[in-house]
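Here's a quick tour of a protein model with a ligand in place.

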Amino acid sequence: MDLKQANVLITGGSEGIGLGLASRFLAAGSNVIITGRNAEKLEKAAQKLSGLRTYTNDISNAEQREVLAKYIRGNMPELNILINNAGIQRRVSLASDKASWQERQVEIDTLLSGPVHLNDLLIPLILSNNKQGIIINVTSGGAYIPQVFAPVYSACKAALHSYTMTLRHALANTNCRVVELIPPAVQTSLAGQGSTHGAPLDEFCDEVFPMLTKNGITEVGFGATKALIPELSGQKVEDIFKNSVPRFPVETY
Ligand SMILES: NC(=O)c1ccc[n+]([C@@H]2O[C@H](COP(=O)([O-])OP(=O)(O)OC[C@H]3O[C@@H](n4cnc5c(N)ncnc54)[C@H](OP(=O)(O)O)[C@@H]3O)[C@@H](O)[C@H]2O)c1
């Protein structure tokens, strides 16, 4: 794929994995728009990366998703790569979560409603361009092996994984491919500012970036998540789950 001709939208690109991928697409000559809720964070990102375009937008809100799609139709009509990356993670145990439903719903809307709705809004545009298209849905190791400390997050990622397989089936007869990016723990702000758990961000982005646009590749893992891609794994999901539970003990009913 000629990345110099690529027009890329990355949701949640003001830091972390989204920004890491944005910098690599820019370096390859692509035209890139990133989104995020916080305008100051977007401004800082744009100052760091020359040519980076930004748009303030909250993907958890249905009306704002419509507004984003309209903005892209008007300002990046040649969109051919959409990366559904924006994410938050609520670290809670099911037994002690006392947050309001409104707060809990935002996690589901960010991680699941966001990508499903935005794809629905933008797939017609991608297909109308008659170029090689790619939709990249960012899931997680937690999509395959539930992380007990992030129960709803893991459930949303599992649903996104399932939806991604169906979307791939739905687009199979078009020139738009569907790729699932499955990060393991990566050192970003997702688990809180200053979190040092996981793979270094640049190491992760350097390895996965070239795989994302390679023909024939549908799932991209890194380190531990490579073993979750079924064709590469001989282990039972239940066994991996049992071994992972003691890593982050949580209160139980
Ligand atoms: N880091 C890991 O260990 C890890 C592991 C597996 C999967 N992932 C997945 O990788 C993706 C990126 O996460 P990250 O680790 O890079 O996290 P991050 O460093 O916290 O970055 C998250 C990005 O999403 C944006 N965002 C959050 N809520 C948003 C919303 N409602 N609308 C628009 N933008 C929103 C944030 O900007 P604002 O705050 O300004 O909105 C930020 O730019 C997520 O889908 C995450 O679940 C990460």
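How many helices and strands does the protein chain have? There are seven helices and seven strands, with both kinds taken from DSSP runs (helices are H or I with at least four residues, strands are E with at least two) and numbered from the N terminus.

## Ground rules

This is a predicted model, where local features need pLDDT of at least 70, side-chain atom pairs count only at pLDDT 80 or more, and totals for chains, interfaces and linings use all residues. Residues are numbered from 1 along each chain as its sequence is written, and side-chain values use heavy atoms, with hydrogens and water left out.

## The overall fold

Start at the N terminus and the elements of the protein chain read β-α-β-α-β-α-β-α-β-α-β-α-β-α. The radius of gyration is 18 Å, close to the 18 Å from the globule rule for 253 residues, so the protein chain is as compact as a globular protein of that length. That radius is taken over C-alpha atoms, and the rule is 2.2 Å times the number of residues to the power 0.38. Along the principal axes, the C-alpha atoms fill a box of roughly 50 × 40 × 30 Å.

Of the 253 residues in the protein chain, 49% are buried; that means under 20% relative accessible area, with exposed being over 50% and partly exposed in between (1.4 Å probe, protein chains only). The accessible surface comes to about 12300 Å², and 53% of it belongs to carbon and sulfur atoms. Areas come from the Shrake-Rupley method with a 1.4 Å probe; for residues, only the protein chains shown count as cover.

## Around the ligand

The ligand has 31 residues around it, and S14, R37, K41, Y153 and T188 come nearest; to be near, a residue needs a heavy atom within 4 Å. This shell divides into 11 nonpolar, 15 polar and five charged residues. Nonpolar here covers Ala, Val, Leu, Ile, Met, Phe, Trp, Tyr, Cys and Pro, charged covers Asp, Glu, Lys and Arg, and the others, Gly among them, are polar.

A ligand oxygen sits 2.7 Å from a side-chain N or O atom of S14, and a ligand oxygen is also 2.7 Å from a side-chain N or O atom of K41. On its own the ligand exposes 880 Å², and the protein buries 95% of that. Two elements, α1 (16-27) and α5 (151-170), each give two or more residues to the shell.

## Two residues in one loop

N85 lies in the loop between β4 and α4 and is buried, at 11% relative accessible area. A polar backbone atom of N85 is 2.7 Å from a ligand oxygen, while the N85 side chain reaches the backbone oxygen of G12 at 2.7 Å.

D97 is also in the loop between β4 (81-84) and α4 (101-128), and is buried at 13%. Its side chain makes a polar contact with the side chain of R90 at 3.0 Å. A polar contact is a pair of N or O atoms within 3.5 Å; within protein, one must be able to donate a hydrogen and the other to accept it, and residues adjacent in sequence count only if both atoms are side-chain atoms.
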